[in-house]
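This report looks at how side chains group together in a protein model. It takes nonpolar cores, salt bridges and surface charge in turn.

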Amino acid sequence: MKVAVVGVGVTKFGKLENKTSRELFAEAVDYALKDADMAPKDIESVYVGNFTADLFEHQGHLAPLMADYAGLRGLPSTRFESACASGAAALRHGILAILSGLYDIVLVGGVEKMTDLPTTEVTDALSIAADNLFEASVGATFPGEYAMIAKAHMDTYGTTREQLASVAVKNHHNGFLNPKAHFQKEIDVEKVLNAPLIAWPLGLYDCSPISDGAAALILAREDVARKYTDTPIHIVASSQASDTVSLFERDSLTSLKAAKIAAKTAYEMAGVSSKQINLAEVHDCFTIAEIIATEDLGFFQPGEGGPAAEQGLTQIDGDIAINPSGGLKAKGHPVGCTGVAQAVEVSIQLRGEAGKRQVSGAEIGLTHNIGGSGATAIIHIFRR
Amino acid sequence: METDDFSIKRFLKYISEGELKGLKCNKCSNIIAPPRLKCNICGSSEFKWVDLSGKSRLLTYTIIHVPPKKFASESPYAIGIVQLDEGPRLEARITGFDINKHAQILKNGVELVFEPIPSGILSFKPLI
Ligand SMILES: [Zn+2]
């Protein structure tokens, strides 16, 4: 694809009371510039992923604001909104801009500042990712949509709450190894099963948290990438697909068709099979979402994702490392930042710089970023 | 309202008035709900409103314990995806049963009927 990652940066995720989105964004960009040994003047264009600063901070017109505070005033700057897949949408458009031949070096960032609002208002804000006329109107919530997917998956394949819980336990363990993660404590299956219900059958520990955070990537055309780094991470596939925003109009309630289409396209583009992927950062906004992701991406057969998680096949040292960062579940889910943060983690892993959570010998990594309950799916594949 | 108003707003107004109606395609007899500009089978835009039986089957459901602000006083409540006998699927409240016994009552594929509720929200109840 002739595009490489040459710099990465990510802030601490969590409830960061004293930081606004512009400060978080500037911090992530600063890390990425230092990582690439670049100055702001080297950047030619800016792509910002953000879901809804409009509702979280009453702030629109986000891209120039972010660019300005990050020392990139004057550059073309555009914000991308695709619900929880906003970050990967920004990344994809940064890649497309380089492939167009217009730019050699661009900055992709993602940011969300969620914790200024009380939980009920965050729930309301997130629900705009669903179909307002036919889903939100009857009282559905975002956890509710995934709960209905979980119930359908349980009825169809016999997936259990214990299997869902094993995803949360694994991701908390990985988050425990990641100093930037929102949660850095281990939990056990009992704790997940005994937590208060959010949307039956999903409880509190089946859900990703409400987090603040930002991440940034510097992309360069391959032929200039080596000027800035000895370890460029090559982007070998970028794919995207869509489906109905409303869950009830989908062909399947147990898999995400858009993710399956995007995966097929991505594997073809990269010339690799699912078996060759060493690690994947997947969109585990809820525990069931990770199980379905591992099936949609072809790592396991439909219905085998639950048992695979329970048997430890998705641990850092398992057959396929899923969410070594801790995932959305434990690393945190600042919505519009997530897709960019996933790419940061895969880049760090492929460089071999992930410390205690390093997937040994990682050569090929994948990111899977989903918007809403599956209406947007964006997949990227990276090689060292 | 005019008889040729095949809009989403008309569809929702029927529901709030306690009626469940769908569009019937004049060309291929396909039933469409919620309304779309064109028939998803044949592409025609010639429709008439028809009464739907309200008979349906439950495909999946959840119990909402942390509701949106607007429905805060109503939780816990059930939301489900139903498949109407006429074909279309809808997302709706599931009411008219003891929510504490939801796992026994809302078995996979249980039969439901359209049940207008005072709030005007689309609702179905189990046939028990
Ligand atoms: Zn037709």
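## Basis of the model

This is a predicted model, in which local features need pLDDT of at least 70 and side-chain atom pairs count only at pLDDT 80 or more, while totals for chains, interfaces and linings use all residues. Residues are numbered from 1 along each chain as its sequence is written, chains are lettered from A and ligands numbered from 1 in the order in which they are written, and side-chain values use heavy atoms, with hydrogens and water left out.

## Nonpolar cores

In soluble globular proteins, nonpolar side chains tend to be buried together. A nonpolar core here is a set of buried Ala, Val, Leu, Ile, Met, Phe, Trp, Tyr and Cys residues joined through side-chain atoms within 4.5 Å. Buried means under 20% relative accessible area, exposed over 50%, and partly exposed in between (1.4 Å probe, protein chains only).

The largest core has 104 residues, and Tyr146(A), Ile381(A) and Phe124(B) have the most contacts inside it. Helix α6 of chain A (residues 142-157) gives the most to this core, with eight residues. Another core, of 40 residues, lies apart from it and includes Tyr47(A) and Phe80(A). Helices are DSSP runs of H or I with at least four residues, strands are runs of E with at least two, and both are numbered from the N terminus.

## Salt bridges

A salt bridge is a side-chain nitrogen of Lys or Arg within 4 Å of a carboxyl oxygen of Asp or Glu. The count over all chains is 27. One of them joins Arg161(A) and Asp206(A), with the closest N and O atoms 3.6 Å apart. This pair links distant parts of the chain, since Arg161(A) is in helix α7 and Asp206(A) in the loop between β6 (202-203) and β7 (213-221), 45 residues apart. Arg161(A) is partly exposed at 22% relative accessibility, whereas Asp206(A) is buried at 1%.

Glu268(A) and Lys264(A) form a salt bridge at 3.1 Å between the closest N and O atoms. Both residues lie in helix α10 (residues 257-270) of chain A, four residues apart, about one turn of the helix. Glu268(A) is exposed at 55%, and Lys264(A) is exposed at 54%. Asp35(A), Arg351(A) and Glu353(A) are linked in a network of salt bridges.

## A negative patch

Glu162(A), Asp188(A), Glu190(A) and Glu310(A) form a negative surface patch. Patches are made of residues with over 30% relative accessible area and no salt bridge, like charges being joined within 9 Å and nonpolar side chains (Val, Leu, Ile, Met, Phe, Trp, Tyr) within 5 Å. Glu162(A) lies in helix α7 (residues 161-176) of chain A and is partly exposed, with a relative accessible area of 37%.

Note on methods. Accessible areas come from the Shrake-Rupley method with a 1.4 Å probe; for residues, only the protein chains shown count as cover. Lys and Arg count as positive and Asp and Glu as negative; His and the chain ends are not counted. The place of a charge is taken as NZ of Lys, CZ of Arg, CG of Asp or CD of Glu.
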